[in-house]
Amino acid sequence: MQYVETSQNDKYQIAMLAFLVAFFTYICVYGFELTHFGLSIDEEFNNNISHTIAIGRWGHALLKASIYPEPFIPFYTEMLTFILLSASCALIVYTFSLSLKQTLFFAVLYASSAQFAYQLQFLNQCDTVATAILLSSIAVYLIVRKNSFLHTVLIPALLLGYAVAIYQSIIFFSYSLLLAYLLLDIVRDTEDSRHLKLIFRLIIASIIGLILYFVLGELILNYYHLHSESYLSDMFTWLEESPKQALKKISRSIEHYFTLKAPYGMNTFVLAVVFLILPLFYPLRRKTRYSLYAFLSIITLFSMNIVLGEELSARTMTSFAIFLASAGLISFIVIRKNKYLWAIAAFSFLYGMATVSNLFYADYIAYKKDYRLASAIANDIATELNVSLESPVKVYFFGALDIKRVNRPKNSDMFGASFLNWDHGNSGRISAFMNKTEIANIVPASYDDIRSNLKAVYAAPVWPQKGSILQIKDVVVVKLGQNVGYCPNGVKENTNPKQCL
């Protein structure tokens, strides 16, 4: 296929159009979340900076401590996230040198992917993750479009290292993006002989970036007198279980995507694979190389699962949007009579809007239910102690409330989860939820505060029965379940302190 290079002036105009189209798509797809605020798990804490430094996300912590709101501002944080993601879309379009029609098609697919909903559920980090995506996009642009060692290795190394310091799973996004560029290069038959050079640049930049990430991470931990928390090592199955078990988990994870059992909203993966294979049935001068790149792009999508030997959540699939959009774009370029493919863009737009709205609706209903139940608990505490809900009360919530999870889509990860039974009962989270929503003024108590009289706690009935609220010394105990949760002190079992917070 003959490729005509877009003029420089047109490139700028088309990139700006890509930004606007992507931004409009994000607003439509995530419209329900923008207009219906609700607290999700992990959004209840006001300051996560020390914790994020401890789990290796010092880049996130630096942004939150300087220019981004900590933890978030409703509506503003989502809009900032969409601006950053739309900027990444515009830069990718500029890097790919797409035509006007190709840009429209690509931008809609890129922004309508439901995968980012699993990130946006965490408003405390979605803006920084979007920043990491933009930084990775800039790094690949420099590698592809510049020539000097400074611009193609050193600066990308800094960008990629900082992107990983924001969110470790972003490490493979740049590889998916570069592979998409190389695949487009083949289908457009531009005879670029730099493929190996570009791949080598990215590998070297990534290695340097990772070295900087680890070195600076240790220095920052020492500066703040913090200890590293084993966030990723906890999930590293290769060290904890047999290789056979790790391979089983990896294969099951990949199989779910190929058999339409992917996380809700991400079954478009199968459509992307079809688009990726389709060009092999058309005349291509370098089919073997194309096949290799296509295979690597699929493997790169699951690289985090492979490295850790674990079946990971949908939010770690950071390359999904670029994989889907670039696969669709490749078929759009290869198929000459492609006007019917606009139906795919329309489908992606509507499918994304429907699935994302459904996910956030489940979360919204769960939040409203938690708010209602937590308010009832707070009222019972006030009645039992004959105090005002505005007065500080030292409380320990024992166990998890046995409530039915709200109606939610299948395979929707943490959407629709309840604060009242998360971690099988986490007093720290429940207290933070009540304080964040100003249902009550809770002073969190520790498990050690009630340990001396556990017999009385176990003998008490479960809320809302009479006698489920009792007082041990200066601590009010609300018995929500029969057994203490996984995090009795806000501490995950067998890991470093505060891990599960």
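At 0% relative accessibility, Ala205 counts as buried, where buried means under 20% relative accessible area, exposed over 50% and partly exposed in between (1.4 Å probe, protein chains only). The structure is a predicted model, in which local features need pLDDT of at least 70 and side-chain atom pairs count only at pLDDT 80 or more, whereas totals for chains, interfaces and linings use all residues. Residues are numbered from 1 along each chain as its sequence is written, and side-chain values use heavy atoms, with hydrogens and water left out.

Ala205 lies in helix 11; helices (H or I, at least four residues) and strands (E, at least two) are DSSP runs, numbered from the N terminus. Leaving aside neighbours within four places in sequence, Ala205 is in contact with Val153, Pro156, Ala157 and Leu160, contact being defined as heavy atoms within 4.5 Å. The C-alpha atoms of Ala205 and Met304 are separated by 19 Å, and these two residues are 99 residues apart along the chain.

Helix 11 (residues 195-223) also gives the most to a nonpolar patch, with 7 residues. This surface patch, of about 680 Å², is made by Leu158, Ile203, Ile207, Ile211, Leu212, Val215, Leu216 and Leu219. Patches are made of residues with over 30% relative accessible area and no salt bridge; like charges are joined within 9 Å, and nonpolar side chains (Val, Leu, Ile, Met, Phe, Trp, Tyr) within 5 Å. Accessible areas come from the Shrake-Rupley method with a 1.4 Å probe, and for residues only the protein chains shown count as cover. Leu158, a member of the patch, is found in helix 9 (residues 149-166). Leu158 counts as exposed because its relative accessibility is 54%.

In soluble globular proteins, nonpolar side chains tend to be buried together. A nonpolar core is a set of buried Ala, Val, Leu, Ile, Met, Phe, Trp, Tyr and Cys residues joined through side-chain atoms within 4.5 Å. The largest such core in the model has 154 residues, and those with the most contacts inside it are Tyr30, Phe96, Phe106 and Tyr110. Helix 8 (residues 126-145) gives the most to this core, with 13 residues. Apart from this core lies another, of 12 residues, among them Tyr396, Phe398, Val457 and Leu470.

Beyond neighbours within four places in sequence, Phe106 is in contact with Cys89, Ile92, Val93, Phe96, Leu98, Ile322, Ala325, Ser326 and Leu329. Ser326 is found in helix 17 (residues 320-334) and counts as buried because its relative accessibility is 6%. With the same exclusion of sequence neighbours within four places, Ser326 is in contact with Phe106 and Ala180. The side chain of Ser326 reaches the backbone oxygen of Phe323 at 3.3 Å.

Thr316 has its place in the loop between helix 16 (303-308) and helix 17. At 12% relative accessibility, Thr316 counts as buried. Leaving aside neighbours within four places in sequence, Thr316 is in contact with Tyr167 and Ser169.

Side chains of opposite charge can pair when their charged atoms come close. A salt bridge is a side-chain nitrogen of Lys or Arg within 4 Å of a carboxyl oxygen of Asp or Glu, and by this rule the count comes to 11 salt bridges. Glu44 forms a salt bridge with Arg429, the closest N and O atoms being 2.6 Å apart. This pair links distant parts of the chain, 385 residues apart, with Glu44 in the loop between helix 2 (31-35) and helix 3 (49-54) and Arg429 in helix 19 (residues 427-436). Glu44 is buried at 2% relative accessibility, and Arg429 is buried with a relative accessible area of 4%.

A further salt bridge joins the side chains of Arg285 and Asp189 (3.6 Å, N to O). Arg285 lies in the loop between helix 14 (268-277) and helix 15 (287-301), and Asp189 in the loop between helix 10 (173-187) and helix 11, so the pair ties together parts that are 96 residues apart in sequence. Arg285 counts as exposed at 63% relative accessibility, whereas Asp189 is partly exposed, with a relative accessible area of 24%.

The side chains of Arg315 and Asp413 likewise meet in a salt bridge (3.3 Å, N to O). Arg315 lies in the loop between helix 16 and helix 17, and Asp413 in the loop between strand 1 (393-398) and helix 19, so the pair ties together parts that are 98 residues apart in sequence. Arg315 counts as buried at 16% relative accessibility, whereas Asp413 is partly exposed, with a relative accessible area of 31%. Salt bridges that share partners join Asp42, Glu44, Asp423 and Arg429 into one network.

Conventions: Polar contact = N/O pair within 3.5 Å; in protein donor to acceptor, adjacent residues only side chain to side chain.
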